[in-house]
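User: Hi! Could you walk me through some helix packing in this one?
Analyst: Happy to, let's have a look.

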Amino acid sequence: MYDLILRGGLVADGTGEKPYPADVAVKDGKIVKIGEISQDAAKIIDASGKYVTPGFIDMHNHADLTAMLCPDMEGMLGQGITSAFCGHCGMTMAPIGDYFMGMLEDVKAFEEIIPLSSYGVHPGGYPAVDSPSFRKAFKKRFGVDITWTTFGEYRDWLRQTGVGCNLYMLVGHAQIRMCAMGLDYKRTATQEEIDRMKELLRKEMESGALGMSYGLDYAPGIYADDNEMLQLAEVLVPYHGILAAHTRHGGKKPNDPDEKEYEPIDGLRDLMEIGLKTGLHVHISHIPNGFTERPDDQYMYDAAAIRTLQIISEYREKGCYVTWDHLVPDYIPWFFFPELCGMFKYYIELCGGKKSFCEKLESPVYRAYLKQETEAGHNRSFSWWRDDIEIIKCKNESYLGKRLADIAKEQGKSSLDMALDMILEDPDTCYHQPPLGRPRRYDTKVFDDAEDVTLGLDNCAYNYDFEGERPDFPADRSTPTSYCGMITFFEKRSDIPFEKIIQKMTGNAAIALELPDRGFVREGLAADLLVIDRDNLRSNANFADPRQKPDGIDYVIVGGKIAVDHKTHNHLRNGQIPDRWM
């Protein structure tokens, strides 16, 4: 008898080929038969009129930064993600040395150490704190004991706790660099410090890391020179590790005597040159458009993206083993405070909460101070003022669906005064922030349409009851991407055949990662499967409260067990965290 049979569905197997009718039988966590199956099973799912597909593989995910807080990973599983390639952009929760560089949710514990710390700034702009204080603060803020020091210990901690999805984990360069250099990281590393980093990296590779990631637009990785990057990459060679990188996206390289102005393509070339020199598998994280296109024209933008992919092909012809991923959403608001008052989060922190802030806001003197700070660009939470935001939730329904600038014009006020008045009227007012100009780095169909594209969300693992902030502070529940990002791609690119989208989310990723047992509906592979009601597939994206469950993902199966049944999560924590494979 089989453990599970998915009967009567159309199989979109991850190869991009046309779906075909077949039953799928599962036993002991594996797909054991595909075809017409008459035998019985402990559980039979009627998949008639539905699609049976591999579980989605998120190729750019930071679940390892929040897995200790939300190990059930409801937001990922609910949108069909069963596996995630994570540990990107140099940012990981280990190893931990004398000092810890803030990464993501962990920075909220810094308030116990550094009053009014700078979280809200983009990743990599955070402070570093001494590790003993950080461990104590994290326990107080989140109730979780950070007992690990090494990457291997953290992976083992997660294995013991259990995780909802399979995690394929890199170790981040940032914490390795902090271990070797401490707080004096804003410079070129000495050879002695590089040797220390190499020793640490070697230890983490021995413990099972899949490879290492660089975050070359973020501290402390931004200060790494070519010599440091190459020497560390060479450590990965005997382990057949993967070197992934958030490459330099422009500007000038710190510590570069030539002070050359960088284009994003230069950062891509830097990584691929390392690939050529070492023979390593290099992976480009959230591929940027390689060129700054002038004038701002969609045709020129797409042409630049085409040229970016051509250059990658040229490096492949030279012998570089390079893969890449593209972000599903058009833009990623990493720290997303949907409430209008979130624009003034820094000052709300100073006041001790929204209630106290609103009381102070009644004072003309305090209001004048806030306006002066904001107009001068000194608002640490919102360094530039925008009035093109759309109001999406408010007690005053006459504001709904309108831009702040238009409401202010109707009321005969400045947009800043209007925003402050609206906060006083309803502190829970929410808004949607459109992309700032053309989202140059990511938003082009050229990348979506590429045959070898893999897709990622650039987000983390959260549950549907996640509250990232304390009561009486601006809401922080992550972004819609965390809960429905994969489904938005079906809505965004309805012109792509269904089976081709499945291929981009599954088979392409399995090939890029060289996964031996996942990514396809194929006999002998792990039973990570979805049953999708294509006709009713909807993201239900909501910016006021992102914690929404998408429709149409009827079943999510991880390792042969039903993790989600029509939006009901079984909290099995059946995900695996494999060691590297040779």
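User: Which residues in α4 meet α5?
Analyst: His173, Ile176, Arg177, Cys179, Ala180 and Met181 of α4 meet Glu193, Arg196, Met197, Leu200 and Leu201 of α5. Contact here means heavy atoms within 4.5 Å, and helices are DSSP runs (H or I, at least four residues; strands are E, at least two) numbered from the N terminus.

User: How does that contact divide by class?
Analyst: Seven nonpolar, one polar and three charged residues. Ala, Val, Leu, Ile, Met, Phe, Trp, Tyr, Cys and Pro count as nonpolar, Asp, Glu, Lys and Arg as charged, and the others, Gly among them, as polar.

User: Before going on, what kind of model is this?
Analyst: It is a predicted model, in which local features need pLDDT of at least 70 and side-chain atom pairs count only at pLDDT 80 or more, while totals for chains, interfaces and linings use all residues. Residues are numbered from 1 along each chain as its sequence is written, and side-chain values use heavy atoms, with hydrogens and water left out.

User: What is the average pLDDT of the chain?
Analyst: The average is 92, and 94% of the residues score at least 70. pLDDT is the predictor's confidence in each residue, from 0 to 100.

User: Where does pLDDT stay under 50?
Analyst: Over residues 437-442. Where pLDDT is low, the predicted coordinates should not be read in detail.

User: Back to α4 and α5: at what angle do the axes cross?
Analyst: Roughly 130 degrees, with the axes coming within 9 Å. Axes are lines fitted to C-alpha atoms, for helices over the stretch in contact, and angles run from 0 to 180 degrees between N-to-C directions. The two helices are therefore oblique to each other (under 35 degrees is roughly parallel, over 145 roughly antiparallel, 65 to 115 roughly perpendicular, the rest oblique).

User: And α10 with α13, what does that contact consist of?
Analyst: Phe357, Cys358 and Leu361 of α10 and Leu420, Ile423 and Leu424 of α13 make the contact. By class that is six nonpolar, no polar and no charged residues. Helices α10 (residues 354-361) and α13 (residues 415-425) pack at about 125 degrees, axes 10 Å apart.

User: Switching topic, how many aromatic pairs are there?
Analyst: The count is 19, pairing rings of Phe, Tyr and Trp (its six-membered ring) with centres within 6.5 Å; planes under 30 degrees apart are stacked, over 60 edge-to-face, the rest tilted. Among them, tyrosine 185 and tyrosine 223 form a tilted pair, 6.2 Å centre to centre with 55 degrees between the planes.
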